[in-house]
Amino acid sequence: MTFADLQRDAHRVLSDWQAPDAAQEAVRREYLDHLSAHADAVSRDGVPHHLTSGGFVFDPTLEQVALVLHTKAQLWLQPGGHFEQTDATVVDAALREIREETGLPVRAEQAVVVDLHHHDLSAAFGRCRSHRDIRVAVVLDEPAEVVCSQESDRAAWWPVDALPSPTDPDLPATVSRVRDQLRAASPRRAGRPTESAAAPNRS
């Protein structure tokens, strides 16, 4: 794959995606405009305001979400990062980031695009000025332990209704909205007992 291939895939994903509300629809359109304006919009070495990918991983009960303590941002966030030329698709890039940062066994057939988030970056991120995240969600079939990687200070499962601090101010509402979307798409998950969830791993 090349970054040109990934750029085309990002355009396809965003063109096909049905935004859940007007605010997300506005972000979707802005992303498409950005892709049209910049041929290097998915490369970290391209325009300083570029697309990235990541995702929310939920336990089988949808009661817990996996987060990492980001080394540069010093915030608890969902795993994610830049595209690589080895990524076959936007979704594959998100799943690679999840596996690298949490060790969780996520698969492409589990992933669905659920959120777009454009955020500015601090000077700690070097030449990167802002990230336009394309975020997927994955619900694990079985409980699994989070494993912290060298890219993060910590990694852990957290209750969806009690996320850690500090975090992005938008994250609690976003995680809650995404969980509601997943429950609506698969009502059977809403009734699963919480005892089957993996015990929180705050290592």
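**Figure 1. Packing around helix α1.** The buried residues of α1 pack against α2 (22-37), β1 (49-58), α3 (90-102), β5 (112-120) and β6 (130-139). This is a predicted model: local features need pLDDT of at least 70, side-chain atom pairs count only at pLDDT 80 or more, and totals for chains, interfaces and linings use all residues. Residues are numbered from 1 along each chain as its sequence is written, and side-chain values use heavy atoms, without hydrogens or water. Contact means heavy atoms within 4.5 Å. Helices (H or I, at least four residues) and strands (E, at least two) are DSSP runs, numbered from the N terminus.

Figure 2. Buried here are L6, Q7, D9, A10, V13 and L14. They fall within an arc of 165° seen down the axis of α1, so they line one face of the helix. The arc is taken from the directions from the helix axis to the C-beta atoms. Exposed R8 and D16 sit on the face turned away from the buried side. Buried means under 20% relative accessible area, exposed over 50%, and partly exposed in between (1.4 Å probe, protein chains only).

Figure 3. L62 is not a glycine, yet its phi is positive, about 65°. It lies in the loop between β1 and β2 (64-70). L62 counts as buried because its relative accessibility is 0%. Q74, also a residue other than glycine, has a positive phi near 55°. The loop between β2 and β3 (76-77) holds Q74. At 39% relative accessibility, Q74 counts as partly exposed.

Figure 4. The bond from S165 to P166 is cis, with omega near 5°. P166 is in the loop between β7 (152-159) and α4 (171-185).
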